[in-house]
Amino acid sequence: MTNPVVYPGTFDPITYGHVNILNRATRLFGSVVLAISDNPSKNTMFTLADRVAMAKECTIHMDGVTVEPFRGLLVDYLKANRYTTVVRGIRVLTDYDMEYSMTFINRQMYALYETVFLMPDALHLTTSSSAVRDIHINGGDISPFAPDVVKRYFAKIPRKYDND
Ligand code: COA
């Protein structure tokens with residue numbers, strides 16, 4: 001059996017854009033590990049446990065997808081599991097800048113490291129987790145951007161003007 005590819009990220013929360021990339025990756029590679037970073041450098045809205053639970057519920061119907069949390073460096077997680085290849089989504093040119101340095105830094109630490117870049121549907125080119133969080137906090141409806149499962153988790157996050 002070939003090694004699965006890894007789709008790493010913070011997924012705070014998972015969105016339709018991520019699901020779109022995941023669908024493309026499973027079509028191309030068969031099996032994909034959605035690897036969710038604890039990412040202490042990002043002040044996440046959802047705990048690692050909630051981000052993993054949301055992603056698992058959103059992908060339960062997708063063949064070939066498993067969801068795993070990881071802590072620390074991505075390359076250490078990859079090495080420990082004998083994974084070599086990651087999938088990253090590119091939406092706009094500014095994503096590329098970040099991905100470019102991430103690839104080369106990671107490859108300096110792990111020679112086998114490879115990145116496959118995929119583009120989501122045009123509909124999802126501007127979707128981001130922070131936009132989804134912002135829409136919820138300000139009282140908007142996140143339905144066009146994230147699965148219903150995510151909406152349920154947001155129900156416990158207070159909105160800015162709930163008590164007005
Ligand atoms: N659909 C929707 N949103 C997308 C997207 C898509 N197809 N592709 C990217 N994004 C958005 C995310 O929603 C997120 O938005 P936000 O910042 O507004 O919340 C943003 O792009 C980046 O998110 P993500 O793809 O999850 O990357 P990340 O920068 O949060 O995390 C890790 C990337 C986890 C792989 C990286 O931080 C990491 O490897 N961390 C471990 C520590 C490490 O190894 N550090 C050294 C790295 S060089």
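Student: Is Phe11 buried or exposed?
Tutor: Phe11 counts as buried, because its relative accessibility is 3% and the cut-off for buried is under 20%. Keep in mind that this is a predicted model.
Student: Okay, and where is Phe11?
Tutor: Phe11 sits in the loop between β1 and α1. Its phi is near 50°, which is a positive value in a residue other than glycine.
Student: What else is in that loop between β1 and α1?
Tutor: Pro13 is one of its residues. The peptide bond that joins Asp12 and Pro13 is cis, with omega at about 5°.
Student: What about Asn39, what is its phi like?
Tutor: Asn39 also isn't glycine, and its phi is positive, near 40°. You'll find Asn39 in the loop between β2 (32-37) and α2. Asn39 counts as buried because its relative accessibility is 16%.
Student: Switching to the ligand. Which residues come nearest?
Tutor: There are 24 residues around the ligand, and the nearest are Thr10, Lys42, Leu74, Ser129 and Ser130.
Student: How far is a polar side-chain atom of Lys42 from an oxygen atom of the ligand?
Tutor: That distance is 2.7 Å. Arg91 has a side-chain N or O atom 3.1 Å from an oxygen atom of the ligand. With Thr127, a backbone N or O atom lies 3.2 Å from a nitrogen atom of the ligand.
Student: And how much of the ligand does the protein cover?
Tutor: On its own the ligand has 940 Å² of accessible area, and the protein covers 82% of that. The ligand takes up the space of the largest pocket.
Student: Which helices and strands supply at least two residues of the shell?
Tutor: Those are β1 (5-9), α1 (16-29), α4 (93-109) and α5 (129-137).
Student: How do the shell residues divide into nonpolar, polar and charged?
Tutor: The shell has 7 nonpolar, 13 polar and 4 charged residues.
Student: New topic: where does Ala53 lie?
Tutor: Ala53 is part of helix α2 (residues 48-59). Its relative accessibility is 26%, so Ala53 counts as partly exposed. Ala53 and Tyr153 are 100 residues apart along the chain, and their C-alpha atoms are separated by 9.6 Å.
Student: Last one: why does Leu73 count as partly exposed?
Tutor: Leu73 gets that label because its relative accessibility is 43%. Leu73 is in the loop between β3 (65-70) and α3 (74-80). From Leu73 to Gly17 it's 56 residues in sequence and 24 Å in space, C-alpha to C-alpha.

Terms used
Residues numbered from 1 in each chain as written. Predicted model: local features only at pLDDT ≥ 70, side-chain atom pairs only at ≥ 80, totals over all residues. Heavy atoms only, no water. Near = heavy atom within 4 Å. Polar contact = N/O pair within 3.5 Å; in protein donor to acceptor, adjacent residues only side chain to side chain. Areas by Shrake-Rupley, 256 points an atom, 1.4 Å probe, with all protein chains shown as cover. 1 Å grid on protein atoms, 1.4 Å probe; cavity = no way out; pocket = protein on both sides within 12 Å on 5 of 7 lines; lining within 4 Å. Sits in = over half its atoms within 2 Å of the grid points. Helix = DSSP H or I, 4+ residues; strand = E, 2+ residues; numbered from the N terminus. Nonpolar A, V, L, I, M, F, W, Y, C, P; charged D, E, K, R; others polar. Buried < 20%, exposed > 50% of the residue type's maximum accessible area, 1.4 Å probe, protein only.
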